[in-house]
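Hi,

Here is the structure I promised to pass on. Have a look, and then read on for what turned up about its aromatic rings.

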Amino acid sequence: MPDDTMTADAVVVGAGPAGAAAALELARAGRNVVLVERGAYPGAKNVYGGVVYGRILDEVVPQWWTEVPVQRWVTRRATMVMTPTQALTVDYRTSAWDHSPYNGMTIYRGDFDTWLAGKAVAAGAQLVTSTVVTALLRDAAGRVTGVRTDRPGGDIHAKVVIACDGVNSFLAKEAGLLPRTSPEHTTLGVKEILALPREVIDERFGLVGDEGLDIEMLGCTSGIPGGGFLYTNLDTVSVGVVVGLTGLAAAKTRPEELIARVKAHPGVAPYLRGAELKEYSAHLIPEGGYRAMPRLAIDGMLVAGDAASMCLAAGLWLEGVNFAIGAGLAAGQTAAEAIAAGDTSARGLAGYRRRMEASFVLADHKRYRNAADIVLADRMQREYPGLICDFVEQVFTVTNPTPKIGMIREFFRAVRRNHVQLRSLARDGWRALRAFR
Amino acid sequence: MHYPEVSFDERMATVEFRVGERAHITVDSDVCRSCTTKDCVHACPAGLFVPTTDGGILFNYEQCFECGTCYQVCNAEGAITWTYPAGGDGVVFRKG
């Protein structure tokens, strides 16, 4: 980057999935776009927790699956409900996901984000790495006119700034769109990547070729609202937990201790025998969803991806990278049109929200806006995993010579034994039905 | 089944850090002395915050994941000031 002030049509801050997608669309529209990344390479600061769903990539690269740096294609998707000594697993497997156009994949973010940003560069975007955006530039009327970077003389003036600067988004905060902190809407993900030989992973998880498995876990976080995950890469297994910041702070439990408990669980430990730690990582996740989203467009600026709280954390669905790409594409298209029309005010950029309301990005968030509350609620975390496991255990425990008592009585016994209030169970069931409808 | 866990130092040694000269975290220990919970000590996944005998907080910034947990859980505005390290510095996730 030259030592002088730069001018561009648009500057995109952050070369994660949202930023790369936004820069790609602007470059495709023939616009002069600078993509600024604070890491040494795209993905250097990024962590994810399981599966990247590829359908949105159809809009990025035709037949992307022939070139994407994939680890494994997810063909087994399991949900594990646990207590410290029990686990009920619902394990779904389909051969529909083992061939193109595929459904989900496991990846390494360093590989994937670099690949996606490479698409933007190939289309003509200018990628500037190892550069931190430190502030917004604004004119007298307050409209955003560019960014200041930590390079000497490194101001970049632009008609539109697209803030894709992640969960801590200092740009959205500086613009007054996000509060300084929101621990009640933020979770911490901590993860270990553990090495195992490829054949061992194939055997232990029942996988063939480049098939992969993703397990989501409930009830494995010692009562702290959250969950766990385990997924397979080619010759590593990633295992970790995601916990709410408020609950974590109150519990005074160390994050790595929570991973250790998951790894030691009798339902998990046999999978990981002899595995060697390759990388420990941590990242925050914005889980506030639809109700916590900031304004998405102001004069001269759009916000996309984690910066706009676009992770869908809705229990059964834990998706972020695909939402970031969807939002980035919409932001890039909107910015390109607004620049062409000569109006990059909030009004000129209003098409961004309309685009996303018409697509999965805001439609899914709106539909499942109450789902995270249900999943992270105290009873769901502390009472129901025990109730479910206990019920299943009794059903499958043969009590000869005492006769079986029937499923319904068995269930109510489990309810009583676990001190669950029937009234709250019914209410929560109804709320869950509504939240997931 | 329980396997011996790696030590915390070994755990952190699996992560690449390009340590910059400037500390991107600053802590105002005067504020910390009046803090009763010291949530940063328990919650920081890198274990960067250590309570001192006089009630303050000792911290290092070198092995920071740049996640933001510390300032998010801190209940006293201004106790923890947190920015990003200089471009290219800080944590480098090899896999992520």
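Over all chains, there are 23 aromatic pairs in this predicted model. Rings of Phe, Tyr and Trp (for Trp, its six-membered ring) pair if their centres lie within 6.5 Å; planes under 30 degrees apart are stacked, over 60 edge-to-face, and the rest tilted.

One of the pairs is W317(A) with F436(A), which is tilted, at 6.0 Å centre to centre and 40 degrees between the planes. W317(A) sits in strand β19 and F436(A) in the segment after α15, so the pair ties together parts 119 residues apart in sequence. (Helices, H or I with at least four residues, and strands, E with at least two, are DSSP runs numbered from the N terminus.)

In chain B, the rings of F49(B) and F59(B) are stacked because their planes are at 20 degrees, with centres 6.3 Å apart. F49(B) belongs to strand β3 and F59(B) to strand β4. Buried or exposed, what is F49(B)? With a relative accessible area of 3%, F49(B) is buried, while F59(B) is partly exposed at 27%. (Buried is under 20% relative accessible area, exposed over 50%, partly exposed in between, with a 1.4 Å probe and protein chains only.)

There's also an aromatic cluster made of W64(A), W65(A), W73(A) and Y102(A).

A bit of housekeeping: residues are numbered from 1 along each chain as its sequence is written, and chains are lettered from A in the order in which they are written. Local features need pLDDT of at least 70, side-chain atom pairs 80 or more, while totals for chains, interfaces and linings use all residues, and side-chain values use heavy atoms, without hydrogens and water.

Cheers
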